Amino acid sequence: MAPAGAKKGILERLDAGEVVIGDGGFVFALEKRGYVKAGPWTPEAAAEHPEAVRQLHREFLRAGSNVMQTFTFYASDDKLENRGHTQRFTGQQINEAACDLAREVASEGDALVAGGVSQTPSYLSCKSEDDVKTIFKKQIDVFVQKDVDFLIAEYFEHVEEAEWAVQVLKTTGKPVAATLCIGPEGDLNGVSPGDCAVRLVKAGAQIVGINCHFDPETCVKTVKMMKEGVEKAGLKAHYMSQPLAYHTPDCNRQGFIDLPEFPFSLEPRILTRWDMQKYAREAYNAGIRYIGGCCGFEPYHIRALAEELAPERGFLPAGSEKHGTWGSGLDMHTKPWVRARARRDYWEKLKPASGRPFCPSMSVPDGWGITKGHADLMQQKEATSQDQLKSKC
């Protein structure tokens with residue numbers, strides 16, 4: 001039990017069957033706001049523009065998030081200096097600033113701080129296990145110093161690298177969650193979701209699941225496969241899902257990064273808040289209790305998750321003060337036909353139009369089909385040359 005006055009930890013909450021609402025996609029949200037550069041996708045904004053990161057944390061907290069995940073995605077030094085990226089801040093500076101911001105906002109509500117690490121360019125370039133683990137160790141030293149509440153290894157395309165990350169995170173003695181960015185076909189080496197989950201649990205992860213690359217429907221389906229694998233192996237774990245906020249029925253194993261719309265023309269695919277309520281219910285019914293989002297998720301999406309699961313959680317988020325359940329606030333609208341939309345059955349049955357004549361409903365993924373060890377994925381410190389770009393056009 002947590003000491004009197006202390007917040008319950010992540011495992012204490014999940015062991016009790018509570019619903020934990022995650023936050024959303026900081027990288028994409030801050031890119032749209034002008035604080036992250038698409039391509040590197042690195043989080044120097046935590047040190048460079050802390051006010052932007054702090055505000056986004058607060059919006060997710062108000063929307064109902066129980067976890068403030070540190071804005072440390074791709075904050076390893078090998079990523080910060082990859083492909084000619086100008087490194088104004090060290091990984092340590094970014095990670096320290098991100099921890100401080102997450103803790104500041106988490107203290108304003110009933111939220112925990114999660115320190116996160118993600119896949120590395122070093123792994124794609126076939127560096128050794130020791131080299132890759134050294135990168136993770138450097139990051140977690142900051143998380144230990146800042147005393148985050150738990151740790152997340154997220155956004156791994158290869159279960160082997162995720163295992164290495166979990167093994168390093170586990171040395172801290174803090175709870176560890178691990179999420180892969182894979183779909184039902186498994187990781188990029190063809191390891192099934194069930195086998196991936198078993199390997200992560202055996203490595204020391206107490207929470208396993210999926211984040212990014214695919215839409216909620218696909219992610220929930222994949223987590224179900226992970227759950228089946230863990231149970232078949234006679235192991236136990238908690239489960240989490242943090243999908244995209246984009247519809248991706250046309251994705252292949254590589255996920256949304258293979259779609260021709262990635263990353264600047266994905267808006268027509270964005271899920272509505274009502275789609276999010278459906279996702280929250282389906283995830284809950286699948287036995288997933290850590291439910292959040294990744295790229296494309298904005299605070300109103302998280303609020304939708306919290307509103308759908310309010311009966312189970314016993315309360316609505318603060319952000320619901322400005323949002324009537326199932327559009328009920330529209331009963332105050334000046335136009336009678338809009339007032340008539342202040343009901344659940346209208347929004348549940350609506351099939352939104354895209355407003356884009358002649359556009360297809362789905363795309364053909366690029367289908368590169370390459371992974372670790374392929375010459376095209378060998379990373380470099382120099383900027384990508386024009387000749388390299390032309391060879392891939």
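**Reading rings, strands and helices**

Reply: In this structure, the charged end of arginine 289 sits over the ring of tyrosine 284, 3.7 Å from the ring centre. Please note that the model is predicted.

Me: How many aromatic pairs does the count give?

Reply: The count comes to 19 aromatic pairs. One of them joins phenylalanine 26 and phenylalanine 60, with 5.5 Å from centre to centre and 35 degrees between the planes, and is tilted.

Me: Which parts of the chain does the pair of phenylalanine 26 and phenylalanine 60 tie together?

Reply: Phenylalanine 26 belongs to helix 2 (residues 26-33) and phenylalanine 60 to helix 4 (residues 50-63), so the pair ties together parts that are 34 residues apart in sequence.

Me: Are phenylalanine 26 and phenylalanine 60 buried or exposed?

Reply: Both phenylalanine 26 and phenylalanine 60 are buried. Elsewhere, ring pairs link Phe28, Trp41, Tyr246, Phe256 and Phe262 into a cluster.

Me: Let us turn to the sheet. In what order do its eight strands lie?

Reply: Strands of a sheet pair through backbone hydrogen bonds, in either a parallel or an antiparallel manner. Here the eight strands form an open sheet with parallel pairing, in the order 1-8-7-6-5-4-3-2. Its edge strands are strand 1 (20-21) and strand 2 (67-69), each of which pairs on one side only.

Me: Which strands does strand 4 join through bridges?

Reply: Strand 4 (residues 150-156) runs parallel to strand 5 (residues 176-180), and four bridges join them. Five bridges join strand 4 to strand 3 (residues 112-118), again in parallel. Towards strand 5, leucine 151 stands opposite valine 176, and isoleucine 152 stands opposite alanine 177.

Me: How many residues of strand 4 are buried?

Reply: In a regular strand the side chains alternate between the two faces of the sheet. In strand 4, seven of its seven residues are buried.

Me: Where does helix 11 lie?

Reply: Helix 11 (residues 216-232) lies across strand 6 (207-211) and strand 7 (238-242). Its direction is at about 160 degrees to strand 7.

Notes:
Residues are numbered from 1 along each chain as its sequence is written. This is a predicted model: local features need pLDDT of at least 70, side-chain atom pairs count only at pLDDT 80 or more; totals for chains, interfaces and linings use all residues. Side-chain values use heavy atoms; hydrogens and water are left out. Two strands pair if DSSP finds at least two bridges between them. Helices (H or I, at least four residues) and strands (E, at least two) are DSSP runs, numbered from the N terminus. Contact means heavy atoms within 4.5 Å. Axes are lines fitted to C-alpha atoms, for helices over the stretch in contact, and angles run from 0 to 180 degrees between N-to-C directions. Rings of Phe, Tyr and Trp (its six-membered ring) pair if their centres lie within 6.5 Å; planes under 30 degrees apart count as stacked, over 60 as edge-to-face and the rest as tilted. Buried means under 20% relative accessible area, exposed over 50%, partly exposed in between (1.4 Å probe, protein chains only). A charge sits over a ring if NZ of Lys or CZ of Arg is within 6 Å of the ring centre and within 35 degrees of the ring normal.
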